[in-house]
Amino acid sequence: MTNIPDTTSRPQIHLQAGRSRRFRAGHPWIFSNEITMTPETKALVPGGLVTIVDAGEERLGVGTFNPHSLIAVRLLSRDADQTIDQAFLTKRLRNALALRQTLYDRPYYRLVHAEADELPGLVIDRYGEIVTLQANTAGMEALQPLLLAALDDLLAPTAVVLKNDSAVRKLEGLELYDRIAGGELDGPVELEENGAVFFADLVTGQKTGWFFDQRDNRAAVAALAKGRSVIDFYSYAGGFAIQAARAGATRVVAVDRSEGSLALATRSAERNGVTVECVRAEAFAEMERLVTAGQRFGVVIADPPAFVKSKKDQAAGAKGYRKMSRLAASLVEPGGFLLVASCSHHMAPDAFAEEVRHGLSSAGRSGRILRSAGAGSDHPLHPWLPESAYLKALLLQLD
Ligand code: SAH
């Protein structure tokens with residue numbers, strides 16, 4: 001059991017005078033330049049629990065603290081007397097679970113989406129009896145043993161996969177690692193989404209194994225696919241492609257550069273009794289080849305990995321989205337549909353929309369936006385962290 005100090009022996013973090021307004025209003029973070037940084041404060045162990053106190057000695061809550069991070073304090077509770085123990089975490093997980101059970105019939109979803117679920121820096125995805133966990137902050141890393149116990153309390157998962165390999169951990173001074181924390185995992189796991197069955201590889205797959213965030217966008221595309229040909233670029237394990245095939249597309253092509261992803265897509269297609277033609281290729285090269293060959297599709301999907309990984313690649317990434325939109329739009333038959341998406345944190349929704357419309361214009365195409373959407377409701381947003389809405393998807397009909 002981790003040694004958690006009780007509420008009176010917890011170290012205190014003092015906000016500077018006049019710096020508590022945003023936090024009091026509801027923001028869940030305190031930045032390092034808002035804190036009175038004494039030598040004792042600087043020496044606190046990263047990820048430890050602290051009581052948050054304002055310049056007038058009013059106690060404002062409890063959070064985790066990392067003296068080496070710009071986001072120094074992350075709020076756990078506005079009750080400064082709250083003990084942060086297994087029971088506390090179980091309660092938070094139970095709230096998150098109750099929301100997902102309201103949203104979905106089947107146990108496949110993002111169970112915890114960090115600050116929005118009052119568990120800052122924590123992401124948990126659920127695949128039935130199996131879960132993946134990402135602790136993205138020093139605070140969550142320190143709480144991980146308690147969290148695993150709390151998860152056991154609540155769901156008794158047969159396996160927990162720690163996907164602690166996200167680059168954001170470096171900002172917190174944490175190592176990157178992947179491991180199975182409990183139970184066993186034998187090959188890909190099954191999941192269900194919008195009535196389709198998929199296989200996801202939680203150990204070698206991208207991110208946490210499945211992109212639950214596109215659930216509603218996949219349903220929106222599938223609803224247009226009947227009687228049309230469909231091509232899905234950056235298909236990964238076939239999320240869009242297979243749902244379109246199930247909805248009655250005449251032909252479905254999935255393009256990805258990863259052999260492993262296409263193998264999962266093929267296996268999932270068979271499981272759903274549909275056919276998907278898998279093409280292993282670089283997306284831009286394949287788009288260019290198809291444009292030159294004069295091929296056209298009723299529905300074109302392009303949901304790539306993040307082109308903008310950090311602020312410094314903003315310009316290059318923006319160009320990438322413009323090019324992708326131009327090429328993908330060129331492949332859409334008149335009256336057909338285009339879905340383009342960006343999961344780059346550092347690409348604002350209006351900036352993405354701008355690249356998309358310039359791409360369409362270079363392709364000489366006009367049309368209308370049918371849907372402008374983000375991630376599904378199992379990825380809720382904290383009202384004070386609008387910038388955490390990383391996913392942008394635009395669905396258009398082109399003339
Ligand atoms: N659209 C997918 C998620 C995409 S994840 C879904 O709905 O689940 C990004 C995918 O793009 C990965 O499978 C990766 O292998 C693939 N990829 C990355 N760069 C690529 C490139 N240049 N050409 C083709 N595929 C690429």
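An oxygen atom of the ligand sits 2.6 Å from an N or O atom in the side chain of aspartate 256. A nitrogen atom of the ligand is 2.9 Å from an N or O atom in the side chain of glutamate 282, and a backbone N or O atom of alanine 283 lies 2.8 Å from a nitrogen atom of the ligand. Taken alone, the ligand exposes 580 Å², and the protein buries 93% of that; such accessible areas come from the Shrake-Rupley method with a 1.4 Å probe, and for residues only the protein chains shown count as cover.

The model is predicted: local features need pLDDT of at least 70, side-chain atom pairs count only at pLDDT 80 or more, and totals for chains, interfaces and linings use all residues. Residues are numbered from 1 along each chain as its sequence is written, and side-chain values use heavy atoms, with hydrogens and water left out.

Which residues come nearest to the ligand? Of the 16 residues around the ligand, they are Arg218, Tyr234, Asp256, Ala283 and Asp303. A residue is near a molecule if one of its heavy atoms lies within 4 Å of it. The shell divides into seven nonpolar, four polar and five charged residues. In this division, Ala, Val, Leu, Ile, Met, Phe, Trp, Tyr, Cys and Pro count as nonpolar, Asp, Glu, Lys and Arg as charged, and the others, Gly among them, as polar.

Now to the chain as a whole. The protein chain has ten helices and 19 strands. Helices (H or I, at least four residues) and strands (E, at least two) are DSSP runs, numbered from the N terminus. Along its principal axes, the C-alpha trace spans about 70 × 45 × 35 Å. A compact globule with 399 residues would have a radius of gyration near 21 Å, and the 23 Å of the protein chain agrees with this. The radius of gyration is taken over C-alpha atoms, and the globule rule is 2.2 Å times the number of residues to the power 0.38.

Of the 399 residues, 54% count as buried. Buried means under 20% relative accessible area, exposed over 50%, and partly exposed in between (1.4 Å probe, protein chains only). The protein chain exposes about 17,100 Å², and carbon and sulfur atoms supply 51% of it. Among contacts with a separation of 6 or more, residues 24 or more positions apart account for 63%; contact means heavy atoms within 4.5 Å.

Tryptophan 29 gives a local view of such contacts. Tryptophan 29 is found in strand 2 (residues 29-31) and counts as buried because its relative accessibility is 13%. Tryptophan 29 and alanine 72 are 43 residues apart in sequence, but 7.4 Å apart in space, C-alpha to C-alpha. Not counting residues up to four places away in sequence, tryptophan 29 touches several residues, including Phe23, Arg74, Glu115 and Leu385. The side chain of tryptophan 29 makes a polar contact of 2.8 Å with the side chain of glutamate 115. A polar contact is a pair of N or O atoms within 3.5 Å; within protein, one must be able to donate a hydrogen and the other to accept it, and residues adjacent in sequence count only if both atoms are side-chain atoms.

Glutamate 115 also has a polar contact with arginine 74, where the side chains are joined at 3.0 Å. Arginine 74 is found in strand 5 (residues 71-77). Is arginine 74 buried or exposed? Arginine 74 is buried, because its relative accessible area is 10%.

Alanine 225 lies in helix 5 (residues 215-225) and is buried, with a relative accessible area of 0%. Leaving aside neighbours within four places in sequence, alanine 225 is in contact with Val230, Ala244, Gly248, Ala249 and Val299. Alanine 225 and arginine 251 are 26 residues apart in sequence and 9.7 Å apart in space, C-alpha to C-alpha.

Glutamate 57 is in the loop between strand 3 (48-53) and strand 4 (59-65) and is exposed, with a relative accessible area of 51%. Phi of glutamate 57 is near 70 degrees, a positive value in a residue other than glycine. Glutamate 118 is in the loop between strand 6 (108-113) and strand 7 (122-127), and its phi is near 60 degrees, a positive value in a residue other than glycine. At 41% relative accessibility, glutamate 118 counts as partly exposed.
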